[in-house]
Amino acid sequence: MVAISEIPKGFKKTDIGVYPNDWNIFTIDEISDVKSGKRLPLGKTLSDRETSHPYIRVADMYMGGINLDELKYVPDEVFPSIKNYRIYVDDIFISVAGSLGIVGKIPPILDGANLTENSDRLTNISCNRDYLLYVLTSWLIQNRIEAEKTLGAQPKLALTRIRKFDIPLPPTKEEQTAIATALNDTDELINSLEKLIAKKRMIKQGAMQELLKPKEGWKVKKLGEIAQIRRGASPRPIKDPKWFTDKGRGWVRISDVTSSNVYLNSTTQYLSENGVRNSVAVDKGDLIMTICATIGVPIIINIPACIHDGFVLFRNYENVLDTFFLYFLLQKHTEKLADKGQSGTQKNLNTTIVGDIEIIYPDKDEQRKIGNILRDSDVEISVLEKKLEKYKMLKQGMMQNLLTGKIRLV
């Protein structure tokens with residue numbers, strides 16, 4: 001609850017928060033018509049064969065738009081019975097069953113496509129359409145949707161509830177458009193960066209396939225013949241607070257590794273001295289790999305840390321293998337390693353399975369060249385990913401300020 005004294009000058013308190021005095025709060029049905037989609041008649045099915053009548057399912061939706069890769073189509077003879085349940089380029093869709101609250105607009109190529117019964121459409125929108133879309137994707141509506149789910153075999157969002165969602169609206173379309181344009185420009189930066197990262201990953205994957213392809217003169221040995229392989233250890237019982245502290249040696253979790261690239265630079269937990277004594281210490285430059293849950297993900301340690309029994313540590317291989325070369329060789333074999341996982345409560349490897357991995361390698365000089373090329377590629381991708389995260393945080397801050405009127409653009 002916001003106290004009267006805390007409301008800034010020029011602002012007012014509303015049922016959904018504090019907004020500028022000249023903004024108004026409208027329900028969705030006051031600024032648009034909300035209409036449902038339609039399922040096919042009983043006994044009829046969608047077709048993979050392209051017709052003039054594409055059908056948009058929730059499975060085709062993502063936040064903001066439509067994936068065109070796996071569209072289904074309404075047979076020509078079925079279309080007349082559901083022709084009144086279509087969506088157009090000026091509309092907004094919102095999923096109302098299964099995955100709730102996916103909102104977006106359709107591309108021109110789908111203008112007039114049929115819409116699933118698991119989605120509604122907002123049409124005859126009287127405010128700026130893109131401004132409304134950003135409000136619908138924001139915490140203002142997404143939190144409301146999460147709170148209003150009707151639980152059952154499949155979560156659903158009633159049409160009547162959507163119609164009564166509150167939308168804060170700047171007084172002029174000029175300001176609505178300015179807000180939408182600013183957020184759209186940021187989205188374009190994010191999208192272009194995501195495409196660049198995807199391209200760089202494909203280039204790296206191709207380089208790995210070529211550079212790590214065995215060539216004449218390369219040697220073959222089992223990894224266990226080259227490296228000392230040690231499994232991590234977990235202090236027990238693992239949830240005992242005496243093992244942990246606010247600072248000290250990092251306690252490496254699977255999520256720390258899967259969210260990083262070449263190097264592990266930080267952890268979310270730390271071990272006490274007792275915890276360290278009951279685990280396996282690793283130091284800067286050590287190479288480890290996951291062997292449970294998400295199997296076969298290698299990483300190079302860049303901080304003092306400890307590993308639990310979901311990891312193995314490789315040591316004493318440096319006379320034969322370059323660290324970066326081994327890192328990327330293990331990365332290349334991630335899928336094969338996952339297939340070797342033993343069944344249990346969750347799949348896992350052991351040191352014997354890891355030691356039996358067949359390593360094919362050239363001389364050390366060539367290994368270094370290959371490792372450095374691929375490392376530089378990974379570092380470049382890591383820099384781009386950090387930049388992407390920064391842009392996404394920037395967008396969240398912009399939405400917080402622009403959609404509440406804290407920053408005015410006109």
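Mentor: Let's start with two helices: the axes of helix H6 (residues 173–211) and helix H10 (residues 323–332) come within 11 Å and cross at roughly 105°. Helices here are DSSP runs of H or I with at least four residues, strands are runs of E with at least two, and both are numbered from the N terminus. This is a predicted model, where local features need pLDDT of at least 70 and side-chain atom pairs count only at pLDDT 80 or more, while totals for chains, interfaces and linings use all residues. Residues are numbered from 1 along each chain as its sequence is written, and side-chain values use heavy atoms, with hydrogens and water left out.

Trainee: Why are H6 and H10 called roughly perpendicular?

Mentor: The axes are lines fitted to C-alpha atoms over the stretch in contact, and angles run from 0 to 180 degrees between N-to-C directions. Under 35 degrees counts as roughly parallel, over 145 as roughly antiparallel, 65 to 115 as roughly perpendicular and the rest as oblique. The crossing is roughly 105°, so H6 and H10 are roughly perpendicular.

Trainee: Which residues of H6 and H10 meet?

Mentor: Lys204, Met208 and Gln209 in H6 meet Phe328, Gln331 and Lys332 in H10, contact being heavy atoms within 4.5 Å. Those residues split into two nonpolar, two polar and two charged. Ala, Val, Leu, Ile, Met, Phe, Trp, Tyr, Cys and Pro count as nonpolar, Asp, Glu, Lys and Arg as charged, and the others, Gly among them, as polar.

Trainee: What makes Arg408 and Glu175 a salt bridge?

Mentor: You need a side-chain nitrogen of Lys or Arg within 4 Å of a carboxyl oxygen of Asp or Glu. For Arg408 and Glu175 the N to O value is 2.5 Å, so the pair qualifies. The structure holds 22 salt bridges. Arg408 lies in the segment after helix H13 (364–402) and Glu175 in helix H6, so this pair ties together parts 233 residues apart in sequence.

Trainee: How do you know whether Glu175 is buried or exposed?

Mentor: Buried means under 20% relative accessible area, exposed over 50%, and partly exposed in between (1.4 Å probe, protein chains only). Glu175 has 2%, so Glu175 is buried. Arg408, at 32%, is partly exposed.

Trainee: And where does Lys204 find a salt-bridge partner?

Mentor: Lys204 meets Asp378 at 2.8 Å, N to O. Lys204 sits in helix H6 and Asp378 in helix H13, 174 residues apart. Lys204 is buried at 9%, and Asp378 is buried at 4%.

Trainee: What separates Asp365 and Arg368 along helix H13?

Mentor: About one helical turn, because they are three residues apart in H13. Asp365 counts as exposed at 51%, and Arg368 as partly exposed at 36%.

Trainee: In what sense do strand S15 (residues 219–222) and S26 pair?

Mentor: Antiparallel, over four bridges; pairing takes at least two bridges found by DSSP. One of the partners is Ile360 in S26, bridged to Val220. Strand S26 (residues 358–361) has a covered face, Ile359 and Tyr361, and an uncovered one, Glu358 and Ile360.

Trainee: What makes strand S8 (72–73) and strand S9 (86–87) edge strands?

Mentor: Their open sheet of four strands runs S8-S5-S12-S9, with mixed pairing. S8 and S9 each pair on one side only.
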